[in-house]
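Hi,

Here's the structure I promised to pass along.

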Amino acid sequence: MRQLRADEGGRPWVIQPELVTGCSMRFGSGSGGLCHFCGLNAIRSGPGNYEYMSDGTVEKIVEQMVDFCPTARVEFAMRGEPLIHPKARDIVAHFRDRLPKASLMLTTNGDVLRGHLQERVTQLFDAGLNLLLLDTYYPKERRDALREEALAFVGAEVVDFFRDWAGRGRSPYSNQRGKKILCVMDDLSVHDGEHGSRLVKTHAGANPTSQIPESLRRTCSRPFRELVIHSDGSVPLCCDDWRQEFVIGNVCEMTLREIWRHPRMEAARARLYQADRAFGICASCDAPSAPRFGLLPVYSSPTNEQVMLTEGTFRKKLPLWKEKS
């Protein structure tokens, strides 16, 4: 079924709340132990000094989803480790209570689960989570130990992504409502490019190890299907705007419906539908077009006014925590 345009009653398929800004990773070769290919290197110098989504912001998101998109899939992920949030389980339970028909997914590096995985993952599933995506970014010994603990989990379907799903065209980034799945992912840097959903990307220029010389002539479906909400409530154009360079609005000041239909969002869609990435963060982005592009609503070539709306920078934010050199 073709998606409706935002001005025809269309709604996002996915809401991505960022519970925490900042990752606990300490074993990579990037800033302070972060993964070298992660966009966090552009805004942070390593783990610590985390920024947590407030209770008020969580409540705003839930209330607005109930009103606007109660069946949208929820992904707790983005620019940090969500399980560091001291109320992570309670937040999952609150989303489940208010959004009984939504599929709830959480992506973690497993730091908080290590050594207690059976108990803590059971608590998350009991709170209402559908799918836990476990990324194993570790030196071999630690990664193998975490994988062994995860593959022994009892109480849900346990999937090794590259062994069980990748060759069959299945992906965790789909609706898993009513299921309980623990999906184990091996290190992205090891399996880069082996599956369409597992790619090291430029993160719109935030990845210091991967850049593109010029903007690509490539469509993109992300602003047609997702709304990303950073820990401070800001909603950027898409999940790759790690530096908050193209912010549409803030859920503490606007509704999800208003942000979804915002003229800047519609202007970006008009350009991206025409395979035009020569603006803003999109000019530095190498993200694939994403599947099922043929289901998107048709947009005519952007007007001069829409082109103007996409030019320039909207609230470029200073690094959240970056040590001075």
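Predicted model: local features only at pLDDT ≥ 70, side-chain atom pairs only at ≥ 80, totals over all residues.

Is Asn207 buried or exposed? Asn207 is buried: its relative accessible area is 0%, and the cut-off for buried is under 20%.

As for where to look, Asn207 sits in the loop that runs between β8 (181-185) and α6 (222-225). Leaving aside residues up to four places away in sequence, Asn207 touches His36, Phe37, Gly39, Val200, Lys201 and Thr202. There's also a polar contact, at 2.7 Å, between the side chains of Asn207 and Thr209. If you want a sense of distance, Ala268 is 61 residues from Asn207 in sequence, and their C-alpha atoms are 22 Å apart in space.

The other residue I looked at is His262, which you'll find in the loop between α7 (256-260) and α8 (263-273). His262 has a relative accessible area of 17%; because buried means under 20%, His262 counts as buried too. Its contacts, again not counting residues up to four places away in sequence, are Ile248 and Met254.

A word on confidence. The protein chain has an average pLDDT of 90, and 92% of the residues score at least 70. Residues 318-325 are another matter, with pLDDT below 50, although this stretch has 20 contacts in the model beyond near neighbours in sequence.

Cheers

Terms used: Residues numbered from 1 in each chain as written. Heavy atoms only, no water. Helix = DSSP H or I, 4+ residues; strand = E, 2+ residues; numbered from the N terminus. Buried < 20%, exposed > 50% of the residue type's maximum accessible area, 1.4 Å probe, protein only. Contact = heavy atoms within 4.5 Å. Polar contact = N/O pair within 3.5 Å; in protein donor to acceptor, adjacent residues only side chain to side chain. pLDDT = per-residue confidence, 0-100.
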